[in-house]
Amino acid sequence: MKKSVLTLVLIALVTAASAQFEQRQSFAVNTFLSGGVGVGFFSTSGNSVGNGAGFSGGIAYGKWILQPLAMRVGVDAIMTNVNDQSRTYLFGSAQFMWDLLSAFGSIQNSRVNVLPIVGLGVYSQQSASSSTSNIHTMFGLHVPVRIKNGLSAFAEYKCFVLAQSTYADYLHAITVGATYNFLYFPYSRRSEYATHGMFEDWFLGYGLGANVALFDFKGFNDFGRYSIMPEIMIGRNYTPRWTIRFELSGLFAHNKDNEMYRYTDFHADVLFNLSNLMGFTRGRRLGIMPYLGAGPVWRYDSPNFSMCANGGLFLRYYVSPRSDIFVDAKYTMIPHYVAGGGSTDSRYGVGIASLTFGYIYNMGTSTTRYRMPIGR
């Protein structure tokens, strides 16, 4: 009897350990660690300044969360010279890498690839005379060259955009390095319920609502700062949990003196469907989808052009196999010099809060959005 109990206990312990190992292993699949060194330099959209090239380097840890999309967390350092003064910049950011070759069909395990990068985060700048910290946005290109399965070399360009009160500073980093992929299985980047066909699970949407310009997160009660807010989007539901969309939004906004200006921002958003967090259930019509995104923003009455960051909550309701309706609550951070704030009172830029209502038309076959209840 004791032997039987001992055997059962051992089996239970081995099974539990095996399950924990498999869980750790499943998370580790297609995770990666990369590091590189190179040169960095400074430029600005304000007055021209003298600057010299210096050291740049960074490390990042990430995971392929979708067939075409990886998310990584990175730390970068750039040391440069501005007007004969040494400056050191430290950046911490969340970044998304987009595999264009795998975005519209099967996995492309190419030897050489080109991956656009976009990210946002915080930075700290130190010099002999001053120090500061704030929020930054980032974009760039990552070019990996596969040496063998699991190991690749890369060349990378990143541009960190630092919004000042009346202009933008740009920190550029050009690096070379290596990436090690843990448990490298490129074809496992497609999950069990992921979309398969090139023309499946795409959607078009448009909405209309209102926005309000906020300074220091204040101004909801100032109705002079409210404006009409349209938005147009195209996206794809890659899995029941993950959606990627590209959106044009914005038309009018107000500066701190309540003067109206015209602007547009184009952003890429990554949406996570909380409704399907515990599984893909038949008959579930409502999708609760928080999201983050970033992209360029520009005004029509001046050459001001920069990067913005946004986040929000997207509520999507199934109406028919082709139709959805949605509510989109969003907060977009726009630099002072683009939004016409012209003041450093709002340290982190000007926020534009918006609420829009709209319609989505689903193109092709929808395999990841809704599952019809049995018997219907």
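Author: Let us start with serine 354, which is found in strand 18, a strand being a DSSP run of E with at least two residues, as a helix is a run of H or I with at least four, each numbered from the N terminus. This is a predicted model, in which local features need pLDDT of at least 70 and side-chain atom pairs count only at pLDDT 80 or more, while totals for chains, interfaces and linings use all residues. Residues are numbered from 1 along each chain as its sequence is written, and side-chain values use heavy atoms, with hydrogens and water left out.

Reader: Why is serine 354 counted as buried?

Author: Buried means under 20% relative accessible area, exposed means over 50%, and partly exposed lies in between, with a 1.4 Å probe and protein chains only. Serine 354 has 8% relative accessibility, and therefore it counts as buried.

Reader: Which residues does serine 354 touch, not counting residues up to four places away in sequence?

Author: With contact taken as heavy atoms within 4.5 Å, serine 354 touches Ala210, Asn211, Met229, Asp328, Ala329 and Lys330.

Reader: What makes glycine 250 buried or exposed?

Author: Glycine 250 has a relative accessible area of 8%, so it is buried. Its place is in the loop between strand 12 (242-249) and strand 13 (252-254), and, leaving out residues up to four places away in sequence, glycine 250 touches Met229, Pro230, Tyr263, Thr264 and Asp265. The C-alpha atoms of glycine 250 and isoleucine 352 are separated by 9.4 Å, although these residues are 102 residues apart along the chain.

Reader: Which residues touch the most other members of the largest nonpolar core?

Author: A nonpolar core is a set of buried Ala, Val, Leu, Ile, Met, Phe, Trp, Tyr and Cys residues joined through side-chain atoms within 4.5 Å. The largest one has 19 residues, of which Val161, Tyr170, Tyr261, Tyr263, Val297, Ile334 and Ile352 touch the most other members. Helix 2 gives the most to this core, with three residues. Apart from it lies another core of 17 residues, among them Phe32, Trp64, Met138 and Phe160.

Reader: How do you know whether methionine 278 is buried or exposed?

Author: Methionine 278 has a relative accessible area of 78%, and so it is exposed. The place of methionine 278 is in the loop between strand 14 (260-272) and strand 15.
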